[in-house]
Amino acid sequence: MMKKWKRMFLFGILVSGLFFIWSGECRAWGPPVKEDEDTFLEWYEEHKDGEAPITKQLSGDLFISDEKEEAAVLDGTRPITIDCNGHGIIVQREMVIDNPNLIIQGNTRNGFLMMVNTGGILKLEQGLLRLTGEEGVVLQVLSPNGVSGPSRGGVFTIEGEGTDIQGITWTQGVPIEVSNLNIKVSGSVAAKGLVSMNLRELTVNHCQIQAIGGSESYGIYCRDSVNDDVGRIILHDSFVLAVGLDASARTYSVYHPKGEIRYENSSLEPPVDTGRIYTALELGELEPVYTETGVMPGEWSLPDTVGVYVEETGVEGERIERIPVTWAIPDSAFTNPGYCIVKGTFQDGRLDGKLENPNRIVPEVTVLCLPPEKMFLIAYEVDQDFVRNGVSLVVPYPAGAERMRIEYSADGERFERYEGEGGDILAGIVKPRNHLLYFHIVVPLEAPVYYLRVVVDGDSMFAGTSPVWKIDTGSSEEVPPDVDDDGGGDRGGQDLDPTFPDKEEPSDQTDGAVDEKKEHHTTNSSDEMRTGGDSGSVSGRQSDNEKDSSAVSSSSSVLGASGDNSSNLRQNADSVKRKSDTKAESADHAQYVSASGENEEKMEAATDNGMEKMKKESKDSVMPWILVVLCLFVLVGAGIWCGKKVFFKKQ
């Protein structure tokens, strides 16, 4: 029989071994570690201004608590990096991020970098959220209307890189709207830019979204097990790119199995096939573009889209649809007040359906270069053979004016009101499509030279009295041929030729093509006019030599006017595309993009290396547990054997 002290010694060894094994793999009991909110916000407020970069590392989860009413604001301009260090930031009340040099980054120990909890509101103005790790969500939203984007594009970015990464994920079944965000996610297995798991309506405005994934890549991913057939996705002025690295990758720019997908002036790669067919009927009204002398054509703020009356196949009635346009603009700026009519081509690749244009409608916009006085005489033409003292005038149409009257003078100083046409030139005139007001008057003066001016009443930028214009009855000046061509108002009555046709030699034009020669119509500064000691210039047409110098070069319009980074995203993704040499295949709502070509072996090798690394890491993490289990079995077996020897007597 073993002595009592030996029995206690063996029992102590057994208990100690189990204790050390268990304590080596477990953490102590207790509440999770938290970063003190007040201390953090005070630190940020003290350090938000300055030039030297600084880093703050969190020691626990940071809760922006709902116990306070005032918003938590992270503003300033100093380069600050907040390292979450495996922890997360949970927003439970209003929080504003508005520092262009602020970076909030972390890994995925918690599964998310930031979370907007119920009742929280996160306003993203300027900054960067960056997540790295195996899998997780950069920004998880549990609160209805919990996230709002900045008021302009290109200033807030959300980035994620790892194995299975999502940019922003919503779980609430409420209408969602997000604007002016740049989202870039990359995952060796899967990547999703925007995710809604309970979709009702998702509206995306002026966003740039890029997703690069191994076997799955979704720019926008939406599902709802109950309401797939009623939810819808709407995009305006956005760019969405999805790239799949594997040959069989599921690749969608926008994915929603049964719901409606609509987009306007947006570029989706791979394209989304909605099956819609639009027939163009007539151009809608398009406001003129106003500019000044010396402003280059690239800064004219031409519209990215034009309204077009269309009929959709299978849908009764007609409606206005905004269709993207690429404009052909002159190379040179205006040197004098004048106008030009810029024509373009429809870009149905950024329309959520196929556009048919049987009437060969050509989009066009009038650009008016205004003097400081705003109103000016574009051109005039004296009647030589028809009406004595008759003259045709062209001026900018004074939108918003109540009335416009003409005044005339023989000496340029004493003016009388023109009473013809009831005294109001605008009476009975329909607003011209090209915004060039063309009208004819008979001046009751017998003089080789006389003077005119107009007075505009009402709420118009042209309101007031214009400068004085000198009219020479012996002038051979003519009204430009495109001025009195209103473009028609009937269906299919637009100018079918996008060039400026010669009166005697009309040119042929293919559907949607744009001639690369446009002419500026500017004032001729060689003539003088007088009014109370002031002098000005008589409006005229540009000479042939000047026309030839105003050649037009094609220029693609950008997405939106928000300073977006679609071209940069394309360039960044092009390197990935070149590696995969993507090959499109048809799908229900999008094309699959597969990798092929001379770089395919390199991609496969890189993928294999990644998988081997994952397997090795998995093996390394499992081996300690196997050893622990084996030791446990050995100790238990030894304990049982010793127990039999010590505690049981031989029979």
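Visitor: What share of the contacts between residues at least 6 apart in sequence join residues at least 24 apart?

Guide: In this predicted model, 72% of the contacts between residues at least 6 apart in sequence join residues at least 24 apart. The protein is built from five helices and 42 strands, and 47% of its 651 residues count as buried. Its accessible surface comes to about 32,300 Å², with 49% of that belonging to carbon and sulfur atoms.

Visitor: Why is Lys-192 called buried?

Guide: The term is used for a relative accessible area under 20%, and Lys-192 has 9%, so Lys-192 is buried. Lys-192 has its place in strand E13, which covers residues 182-196.

Visitor: Which residues is Lys-192 in contact with, leaving aside its neighbours within four places in sequence?

Guide: With those neighbours left aside, Lys-192 is in contact with Ile-165, Gln-166, Gly-167 and Val-185, and also with Glu-216, Tyr-218 and Tyr-221. A contact requires heavy atoms within 4.5 Å.

Visitor: What makes a set of residues a nonpolar core, and which residues have the most contacts inside the largest one?

Guide: Its members must be buried residues of the nonpolar kinds, joined through side-chain atoms within 4.5 Å. The largest such core in this protein has 58 residues, and those with the most contacts inside it are Ile-97, Ile-104, Met-114, Leu-139, Ile-158 and Ile-220. Strand E9, residues 121-141, gives the largest share of this core, namely seven residues. Ile-97 touches, among others beyond four places in sequence, Leu-74, Ile-104, Met-114, Leu-129 and Phe-156. There is also a second, separate core of 38 residues, which includes Leu-426, Leu-445, Tyr-450 and Val-483.

Visitor: What makes E29 and E33 the edge strands?

Guide: The open sheet has three strands in the order E29-E30-E33, with antiparallel pairing. Strand E29 (379-382) and strand E33 (436-442) are its edge strands, since each pairs on one side only. On average, neighbouring strands of this sheet are turned by 15° against each other, direction ignored.

Definitions and conventions
Residues numbered from 1 in each chain as written. Predicted model: local features only at pLDDT ≥ 70, side-chain atom pairs only at ≥ 80, totals over all residues. Heavy atoms only, no water. Pairing = 2+ DSSP bridges. Helix = DSSP H or I, 4+ residues; strand = E, 2+ residues; numbered from the N terminus. Axes fitted to C-alpha atoms, helices over the stretch in contact; angles between N-to-C directions. Buried < 20%, exposed > 50% of the residue type's maximum accessible area, 1.4 Å probe, protein only. Areas by Shrake-Rupley, 256 points an atom, 1.4 Å probe, with all protein chains shown as cover.
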